[in-house]
Structures are given as structure tokens and as C-alpha cells.
Amino acid sequence: MILSEQRITRADMVRCTLCADAPCDQVCSKLAPAALLRSVWFANEQTAALRLPKANPCLLCDAPCERACVRAGEVPIHDLINRLYYQVKPECETPLPENEDRLRCDLCGIPLENPFLLSSSVVASTYDMCARAFEAGWAGVCFKTICTLDIHEASPRFSAICGNEGGIIGFKNIEQLSDHGVEENMEIFRRLKAAYPTKFILASIMGQNEQEWGKLAKLCEENGADAVELNFSCPNMAEGGLGSDIGQVPELVERFTAAAKRACHIPVLAKLTPNVANMSPAAEAARRGGADGIAAINTIKSIMGVNPHTYVSSPAVHGQSAVGGYSGNAVKPIALRFISELGQNPALQGLHLSGMGGIETWLDALEFILLGAGSVQVTTAVMQYGYRIIDDLKAGLNLYLREKGFSDVREARGLGLSSLHSTTDTLERNTVVFPKFNRERCIGCGRCAVSCMDGGHQAIRMDKNRHPKLDGKKCVGCHLCVLVCPQRAIFSSQKRIRPASAKGSAGSHQDS
């Protein structure tokens with residue numbers, strides 16, 4: 001794979017809006033710039049480079065794509081494509097896979113053409129939406145939670161935290177369950193299964209008692225669902241002992257899982273809440289109830305965006321707000337922690353894990369797979385970027401599997417678990433890994449020195465030429481400087497030094 005310091009990333013195309021029917025495509029007769037830019041955005045620059053034609057059509061081009069851009073002159077399309085040709089492509093050692101066979105897997109024994117599903121939400125809530133997702137290349141959908149409740153949604157019901165580039169990194173919703181009737185949703189299942197018999201339909205359900213959990217599970221099976229997902233985790237349906245209130249009580253998880261299993265013959269997954277200290281008690285209860293798998297995580301209870309003038313948090317509904325569910329790329333570390341907990345639990349061995357929480361790129365999805373997930377589910381990234389992200393999810397993962405020599409995506413499942421510890425107590429603490437400075441990339445901003453001085457160990461200073469200098473006697477190898485550098489000009493040396501003391505006195509001043 002391309003090393004991190006050599007990659008082209010979102011930071012290199014931060015002003016790109018990832019347009020629909022992109023104007024840059026409309027004026028370029030040689031390439032499809034929009035698809036190339038999307039691949040860079042979704043950490044798939046290697047595939048983008050390998051798909052380029054042999055001869056570079058940009059060499060003698062005056063870049064009409066940049067003039068046609070909705071942010072004319074702000075996105076360096078011409079430069080980015082040239083970097084794909086001359087920086088990324090020469091580093092690519094593995095040719096593009098000839099097919100997608102490596103992505104084939106299963107969910108509780110039922111074939112999936114790839115591990116990517118839409119998770120239960122608005123993105124999988126109508127026939128048309130699911131059909132378009134299937135046509136785009138998604139292997140399946142977890143349909144928005146079916147219930148017998150009379151659902152009326154609030155408006156507005158979304159809010160977000162955005163990163164420096166303007167994209168959503170954290171997303172809050174106060175949305176509830178399917179606002180279609182049970183019979184209407186069953187008709188959707190019948191139509192989907194008739195039109196797309198090889199696609200996977202995972203029916204999310206929520207009952208109010210044992211009888212209703214069983215009735216809904218049976219109905220979904222009779223109308224074409226391949227499996228059922230029990231929603232024990234919706235943070236917006238806690239009134240009356242529903243949603244995440246159930247997921248926090250293992251006895252209820254076991255009882256309602258057993259009710260669904262008695263009523264149907266298709267696989268049953270329990271979708272568990274992250275609003276607990278540990279997920280294993282509820283997961284083990286689901287297994288005792290007969291669950292075939294676990295889905296995790298649902299959204300995290302949250303409050304965001306308190307208005308300094310009205311004093312109401314976001315989203316505000318007629319001057320009021322409520323605790324809601326937090327999702328997006330910002331929750332991925334929490335989701336991975338829970339997936340690893342389930343993956344390492346010997347009492348859960350053999351259960352299918354369907355992972356979700358902050359997946360945007362194929363690298364995100366791979367992390368879940370490496371920690372034990374057999375399938376992955378996506379919502380927030382689709383809400384932001386559309387179903388089209390499946391192209392780069394599949395292509396990036398497929399190329400990675402070929403490059404690593406895997407014949408099947410299932411071979412990668414759980415490979416990251418053995419090196420993972422529940423606490424830091426067991427980690428090696430006797431050596432220091434110094435950072436290295438790339439002077440060609442460094443612009444002399446001094447961010448590394450500021451962060452090291454005020455948040456680290458005062459080991460970096462700027463010389464008179466604005467070059468960073470590292471004091472090896474003070475550096476403890478924390479790598480804060482690596483993280484804060486806006487130019488990605490600092491990286492790990494991969495060389496371990498054994499210090500003479502706990503603070504380290506492994507060397508003197510190190511040049512940049």
C-alpha cells in the first residue's frame with residue numbers, strides 16, 4: 001500500500017464539493033475527473049491511479065475542468081491527476097483485480113456479494129431507495145425499523161459537527177422508526193425480493209412485548225426478509241421501555257431474542273446499544289436467547305450545538321430539543337472498541353458480527369473486519385455523499401485483498417484482535433521511537449514546536465531558518481508533532497532507541 005506520507009488525501013482537494021453531475025466531467029473528453037477525485041477523497045487513490053489510461057491526457061491540457069468547477073480555480077484538478085500519474089502510479093505494485101470474487105462472503109451462511117450493507121435508517125426506508133442502492137452495488141440493506149407504533153417525525157431532526165473542510169464528522173439525529181405501516185413495508189419486501197433475488201434484506205424490527213417481537217419476525221420472514229435484526233438500541237425510542245432501554249437490560253435482550261427466534265426460521269441478529277460500559281453482558285444474553293449474530297453499534301446518546309442566544313440545543317424543534325443519537329466518522333473509535341470486545345469474547349465465538357459506526361472509506365470498513373466483523377453497515381456517509389460511495393468501498397477493499405494475497409475477505413476477519421489489549425499496562429515502555437522530519441515538505445510553520453512546547457516535552461525548537469530541530473535528550477517519542485503537522489512532513493522513524501532513563505537521553509540534537 002502507499003505509505004501514509006506519500007498519499008494524496010482529502011487535504012489536497014479540500015475545496016472539492018464532490019458534485020452531482022460534475023461540471024469537470026462535462027468538459028473533459030479524455031477522463032472522468034469526478035470519479036478520480038472521489039477515489040482520492042475516499043482513500044482509494046491507488047485504484048484511481050491504476051485506472052488511468054497509459055498516456056497522460058493532462059500533459060498538453062489547459063485544464064478546462066478547473067475553470068468549469070463550481071469553485072472555479074479552487075480545486076487543483078490538473079495537479080491532482082498529474083500526481084496520480086507521477087507520484088502514486090509508480091508506487092503501485094499490484095494490478096487491479098480482474099473481478100470482485102474476493103469480496104464474496106456471507107451473513108449467517110447466506111451469501112453476500114460483498115460485505116457492504118446499508119444500515120437501518122432513512123437511507124433504506126423505501127422501495128425506490130433500496131432498489132437504487134442495489135443497482136449501485138450494495139450487497140444488501142437493513143431496512144428502517146418496522147414497528148406497530150404510529151410514528152410522526154419532528155422537524156428539523158438532524159444536526160452536525162463539521163471539520164475544517166466543511167464535511168460532517170459528527171452527526172446527531174432525533175429520528176425514530178419507519179413511518180410506513182407494517183403491511184406497506186411487507187409489500188416493499190415482496191417487491192424487492194422479486195426484483196433483486198440475490199440481494200440481502202435484513203429486516204430491522206422493534207416490538208412492544210414478546211408477542212409483537214415474534215409476530216413481526218414471522219411477518220418479515222414470510223414476506224421475503226433473509227434475516228431479522230432486533231433493534232434493542234435506538235436512543236430515540238426509550239419511552240416506555242423501548243430501544244436502548246432494552247439493550248441495557250440483558251434479561252430483556254434474552255427474552256425478546258428468544259421470542260423472535262421461536263417465531264421465525266431465518267437468522268436473527270441483536271442490534272445492541274453503545275450506551276453501556278460493556279456490551280458483552282447483553283451480547284451473551286442475546287446468544288442465550290438464540291441469536292445468530294450481533295449488530296453494533298447503534299448511535300450514541302448525545303447533545304450538541306447549544307445556541308448561545310436561545311439556549312436551545314440542536315436540532316431545535318419549536319424552541320425545544322432532546323437527547324439524540326450521535327453517529328458519523330467521529331464515533332468510529334468507540335464502535336471499534338465494542339466490536340473488538342465482542343470479537344475477543346470466547347463466549348460469543350461463532351456469532352456473526354455486523355459492524356457499523358463511522359464507516360466512510362474502505363479503510364474504515366477494513367478496520368471493523370480486522371477486529372472481527374463479518375459484514376459492515378453504513379448510514380451517515382451515505383446521507384452525506386450518496387450511494388455512489390460503494391464504488392470506492394468495493395474497489396479499495398478488493399485491491400487491498402489482492403495486494404495482501406487474500407483469496408477471500410473472510411481471511412482478514414479478526415486478524416487485528418491478537419495484538420489488542422484491553423488496557424495499556426502490558427505495552428512495552430523501554431524504548432523510544434523518534435519522529436523524522438521531511439524538510440522538502442516542511443514549510444516552517446512551527447506548529448510542531450508550539451504543540452511540543454505547550455502540550456509535549458519541549459523537545460522541538462525552530463532554528464533561524466524556520467527549520468524544526470529535535471532534542472533527543474528531551475524527546476519521549478509521543479508523536480504529537482506527527483499528528484499536528486498540517487503538511488504531513490513528520491512521520492515515525494520506525495527506529496527504536498533504548499533511553500538511559502525514563503525521560504530518555506538517547507541522543508543529542510537531531511537535524512530535520
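This is a short tour of selected sites in a predicted model.

Residues are numbered from 1 along each chain as its sequence is written. As the model is predicted, local features need pLDDT of at least 70 and side-chain atom pairs count only at pLDDT 80 or more, while totals for chains, interfaces and linings use all residues; side-chain values use heavy atoms, without hydrogens and water.

Start by selecting C108, in the loop between β1 (105-107) and β2 (110-112); strands are DSSP runs of E of at least two residues, helices runs of H or I of at least four, both numbered from the N terminus. C108 is not a glycine, yet its phi is positive, about 55°. Its relative accessible area is 26%, so C108 is partly exposed (buried is under 20%, exposed over 50%, partly exposed in between, with a 1.4 Å probe and protein chains only).

Next, show α6 (residues 127-136) with α7 (residues 182-195): the two helices pack at about 25°, their axes 10 Å apart. The pair is therefore roughly parallel (angles under 35 degrees; over 145 is roughly antiparallel, 65 to 115 roughly perpendicular, the rest oblique). Axes are lines fitted to C-alpha atoms over the stretch in contact, and angles run from 0 to 180 degrees between N-to-C directions.

Move to I297, in the loop between β10 (293-296) and β11 (300-302). The peptide bond leading from A296 to I297 is cis, with omega near 5°.

Finish in the loop between β11 and β12 (324-327), where P315 is found. S314 and P315 are joined by a cis peptide bond with omega about 0°. H318 lies in the loop between β11 and β12 too; H318 has a positive phi of about 55° although not a glycine, and is exposed, at 80% relative accessible area.
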